[in-house]
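Here are my notes from a pass through the model, point by point. Have it open beside you as you read.

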Amino acid sequence: MGTREEELAHEQRVVDDIYAVLDATRDHYRARQRAVAATQPGGSPQNRSERDAQAAHYGDQAHRLDNVEDRLVFGRLDTADADTRYIGRVGLSGADHEPLLIDWRAPAARPFYQATALKPAGLVRRRHLLTRLRRVTGIEDEVFDVEAASTSGLTLQGEGALMAALSQGRSGRMGDIVSTIQAEQDEIIRADTRGLLVVQGGPGTGKTAVALHRAAYLLYAEAERLNRSGVLIVGPSATFLRYIEQVLPTLGETGVVSTTLGDLVPGLRATATESPTLAAIKGSMRWVDILAAATRSLERVPKASLHFEIDGLKLTLQPSRIATAIERARRDHPTHNGARAAFVADILTALTTSYISAARAQGQDLGDADRGWVREELRTHRDVRREVNLCWMPYTPENFLRRLFARPALLEEVAGDLLSADERAAIAREYSAPLTEADIVLIDQLSETLGEFEDPRALRRAELERRQNERALTQARDTLANAGFEDGLTRAADLVDRASAPLRGNALAERAAADRTWTYGHIVVDEAQELSPLAWEALLRRCPSRSLTVVGDLAQRHAPTRADRWADLLGPAARALRGEAVLSVCYRTPATIMDAAERVARAAGHPSPHAPRAVRDVADALTITTVPDVDAAHLRTIVEDEIARLDARLGSGAGTLAVIAATDVVADIAAATGWATDALAGRIGLCDARASKGLEFDTVVLVDPAAIGEASPGDLYVAMTRPTTRLHIVTAGRLPAGLRD
């Protein structure tokens, strides 16, 4: 080792060389993309498909390298056999095909995250490179010495780099932790995908970051499987998804679908909220049987024969014949709407035969050649259509659920003893009421038995489009194989979509997001402690392999009832549970704030089952201000003072502040102050505790915590643990137990 200046200069030369390779590789892909796109293929679809396949492949590769520009190189490993490896966001090789940069997900990079003085994994030194844009600003070395190793205390990998990252101001968007992943986090990121893995993590332990880096790792390690099926990320809110949306692209991955439960069904969105009690009623697995019974209620056999007079001919349809048609349709088709076409066809066949027989009895010369026009006349006849609909009424899942909630008698008929009178009264509402998250999950379940309603013309168009896509897909597969890209990032199905809509984004993700029945290779669920059993059922349908990463914190659960075991919250997903891992270290929240939050949780009877250890503390991390009245004037003054603190510490305009208050007063505070009720809208955001889930801010001004805690101890725990630097509590005198001293 030379002097620090010499070492910095050496690393700068290495980083410059690696960026030169990145630039050259990216330029090569762009040039090849332009060259291929500029070629004039022959007139055949095969030739055009081949051109589009190659252009899309080169474009994907270049775009991927665009996203890893910042902090491309962040680590170096020196081994006992004098080998040196540089670790970064992607893998890059030089002109001689020797690796210049090791992808952080590759097995060769694992010692960067796992090596310790007691288990150095063949290393003599681990170096963290601190960079800004393309300039090396600092280095931090860990020299492995077994004799000096200690098994006591908290050991942090790359402590200096980690603390530098933690002290930076927040921008309103989550950043990756790829350069500072700790050993316990890395073990979870690289765990195999068999079954359901629960990751229990207290506030600030990095559980969301771990989940996202795990998704990126799996897309690398199991590319062949997941490039065909994709990865689904389920978050607690649209705000949360905006907060994390840049993490995976900076890790080189873009083909991931992100959603909330309220957006789970394409074309629908939850816009209303409801109480935990009501959501729990709607989230019960009892609805599987209720909705199946409700669907069967739409298939009715009349008590008496149906009589029609058409063109002077009298036709009769017996109840037994209708019952037979219903039985046949149910047997051959899994959903009500899907089976309806078969039922209608069967009834029209019976009526057509009856019509021709009656016409012949009157001396008309009708034969098999006339069945077509007779059938069409019957299909469009008003009386026939009315009676067929009464026997087998088509509904969209959304409209039928609305009808079920708006008609207490119908709900009582189909629910039987599965719902009490009080429960039925609680969920009754007007037909036009806005949808909640629990409603969307019910609609998803209802879609399994009722099915989507499609008019025949739309079905015919869809079938024609499917056949055209199959032909294009075959051509694209051949093209990829001939061009040598079969195992690359570009898939044949992507090319079919790109050929018809070149300006669209990632085709696999878009197609999966638009298809309610799409099945994913892996699902990541954040804030999983909030999901109902029926929501778990919906996710299991989307993941037949039962490969799920489930992260959350039992202590942050919104419901006022306490939960002690994950197995009690997973509903039907508990059968897939393979194991549980615990993140034990809090990196975000200062120790003073964490200690206060834990005291409040214990006093409320909701202690954290795995309270994390904070790695740092901050001076003046917690302050409590008592005012005569928590009004807009007092809040403005306090927020202005806290903004001035942020400016002094981080620089003018840097850092973020959130004002968190009870749900029922957020709107009033917004009206009085003009603050946006969006935690990510600007430097100052206003929200309730549930909207702050999964987010972090430099400073939090917490309004009347006692009111939040009375509604939900878990929500108060969430609100108290959002800041990275300072928590300022504002109260008119009331404080929750645990803070009063």
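1. A term to settle before anything else: a residue is called exposed when its relative accessible area is over 50%, and buried when that area is under 20%. Also keep in mind that this is a predicted model.

2. With that in hand, take helix α17 (residues 408–415). Pro408, Ala409 and Glu413 are exposed on one side of α17, whereas Leu410, Leu411, Val414 and Ala415 of that helix are buried. Looking down the axis of α17, you find the buried residues within an arc of 120°, so they line one face of the helix.

3. What sits over the buried residues of α17? The cover includes α11 (286–296), α16 and α18 (421–427). Just past the end of α17, Gly416 has a positive phi of about 55°.

4. Now the cores. The largest nonpolar core has 74 residues, and the members that touch the most others are Ile87, Trp104, Ile244, Ile660, Leu702 and Met720. Helix α6 (residues 207–221) gives this core its largest share, 9 residues. There is also a second, separate core of 59 residues, with Val265, Ala294, Leu401 and Val441 among them.

5. Ile87 deserves a click. Leaving aside residues up to four places away in sequence, Ile87 touches Leu72, Val73, Phe74, Gly75, Leu77, Leu101, Ile102, Trp104, Ala109 and Phe112. Two of the names there, Phe74 and Phe112, come back in the next point.

6. On to the rings: the whole structure holds 7 aromatic pairs. In one of them, Phe112 and Tyr113 have ring centres 5.1 Å apart and planes at 85°, so the pair is edge-to-face. Phe112 has 0% relative accessibility and so counts as buried; Tyr113 is buried too, with a relative accessible area of 0%. Ring pairs join Phe74, Phe112 and Tyr113 into a cluster.

7. Phe343 and Trp392 make a stacked pair, at 5.0 Å centre to centre with 25° between the planes. This pair ties together distant parts of the chain, 49 residues apart: Phe343 belongs to helix α13 (residues 336–361), and Trp392 to the loop between α15 (382–391) and α16 (397–406). Both Phe343 and Trp392 are buried.

8. Which backbone angles would I check? As a rule, most residues other than glycine have a negative phi. Ala82 is not a glycine, yet its phi is positive, about 70°. You'll find Ala82 in the loop between β1 (73–79) and β2 (84–88), and it is exposed, with a relative accessible area of 69%.

9. Ala121 is another residue other than glycine with a positive phi, near 55°. Ala121 lies in the loop between α3 (110–114) and β5 (123–132). Is Ala121 buried or exposed? At a relative accessible area of 52%, Ala121 is exposed, because the cut-off for that word is over 50%.

10. Last stop: Glu430, in the loop between α18 and α19 (437–449). Glu430 is exposed, with a relative accessible area of 60%.

Key:
Residues numbered from 1 in each chain as written. Predicted model: local features only at pLDDT ≥ 70, side-chain atom pairs only at ≥ 80, totals over all residues. Heavy atoms only, no water. Core = buried A, V, L, I, M, F, W, Y, C linked by side-chain atoms within 4.5 Å. Buried < 20%, exposed > 50% of the residue type's maximum accessible area, 1.4 Å probe, protein only. Helix = DSSP H or I, 4+ residues; strand = E, 2+ residues; numbered from the N terminus. Contact = heavy atoms within 4.5 Å. Phe/Tyr/Trp six-rings, centres within 6.5 Å; stacked < 30°, edge-to-face > 60°. Arc of directions from axis to C-beta.
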